[in-house]
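Me: I would like to go through this structure feature by feature. Please give the general idea each time, then the case at hand.

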Amino acid sequence: MNIILIGDSGHGKVITDIVKSNGDDVVAKLDDKYSEIFIEDGCLYGPLSHVKELIEEKRAKVIVSIGSNPIRRKVVERLNLLDKQYATCIHKQTIISPSAKIGLGSVIMPGAIVNADAHIGIHSIVNSNSVIEHECIIEDFAHLSPGSIMAGGVELCEGVHIGAGATIIPLKKVGQWSVIGAGSVVIADIKEFSTAVGIPAKVIKTNEVN
């Protein structure tokens, strides 16, 4: 499969490695930091405005390789592509239950575990060595940083960002566009648009609604 990455950054480098390890090719990296099209090491670079023509020309699918949840959502809205024009990227060194569901545009990185009946929405990131236990619901545009653990039945609403090494105990819910700090332990539901840190995690501020 030919893949076009939207966003040429460190996150994009990791996704490039996953794509190549799966035997697929990154044929283009589009980012508005580039003003014109050019080719380097066989890969095409240029601004986002060329995405639709390149999908057609290269018979490619798209992954938005941007780590920031709100920016990733804005870019997806701007691209206005069909669902079928997005790929899902899963590293070979993962454990994915046959009953798990993973939405289009999402990326599952090396060492991640996604267990039975878990559901991951569209354009989400499950980073290296993260654990999503049975029956978790991870909504769209979420980001689980490396080593984070979602125990059974956890619900992460749209746009939630879980910091590296954080743990959510069973059956807890983190409201939309909230941030859980690295190493925190969530033992109670977290309201939407909150930033929570510590053991146990406590809300320290309300995030801007954008």
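**Reading the features**

Reply: Serine 178 is buried, since its relative accessible area is 0%. Buried means under 20% relative accessible area, exposed over 50%, and partly exposed in between, with a 1.4 Å probe and protein chains only. This is a predicted model: local features need pLDDT of at least 70, side-chain atom pairs count only at pLDDT 80 or more, and totals for chains, interfaces and linings use all residues. Residues are numbered from 1 along each chain as its sequence is written, and side-chain values use heavy atoms, with hydrogens and water left out.

Me: Where does serine 178 lie, and which residues does serine 178 touch?

Reply: Helices (H or I, at least four residues) and strands (E, at least two) are DSSP runs, numbered from the N terminus. Serine 178 sits in the loop between β20 (173-174) and β21 (179-180). Contact means heavy atoms within 4.5 Å. Not counting residues up to four places away in sequence, the residues that serine 178 touches include Gly159, His161, Ile190, Phe193 and Asn207.

Me: Which residues touch the most other members of the largest nonpolar core?

Reply: A nonpolar core is a set of buried Ala, Val, Leu, Ile, Met, Phe, Trp, Tyr and Cys residues joined through side-chain atoms within 4.5 Å. The largest one has 25 residues, and Ile132, Ile138, Met150, Leu156, Ile162, Ile168 and Ile180 touch the most other members. A second, separate core has 22 residues, among them Ala28, Leu48, Val75 and Tyr86.

Me: How should I read backbone angles?

Reply: Most residues other than glycine have a negative phi, and most peptide bonds are trans. Asparagine 80 has a positive phi, near 55 degrees, and phenylalanine 193 has one near 60 degrees. A cis peptide bond joins isoleucine 199 and proline 200, with omega about -5 degrees. Proline 200 lies in the loop between β23 (194-197) and β24 (202-206).

Me: Is asparagine 80 buried or exposed? And is phenylalanine 193 buried or exposed?

Reply: Asparagine 80 is exposed, at a relative accessible area of 58%, and belongs to the loop between α3 (69-79) and β6 (89-90). Phenylalanine 193 is buried, at 14%, in the loop between β22 (185-186) and β23.

Me: How many helices and strands does the protein chain have?

Reply: The protein chain has three helices and 24 strands. Its radius of gyration is 17 Å, close to the 17 Å that the globule rule gives for 210 residues, so the chain is as compact as a globular protein of that length. The radius is taken over C-alpha atoms, and the rule is 2.2 Å times the number of residues to the power 0.38.
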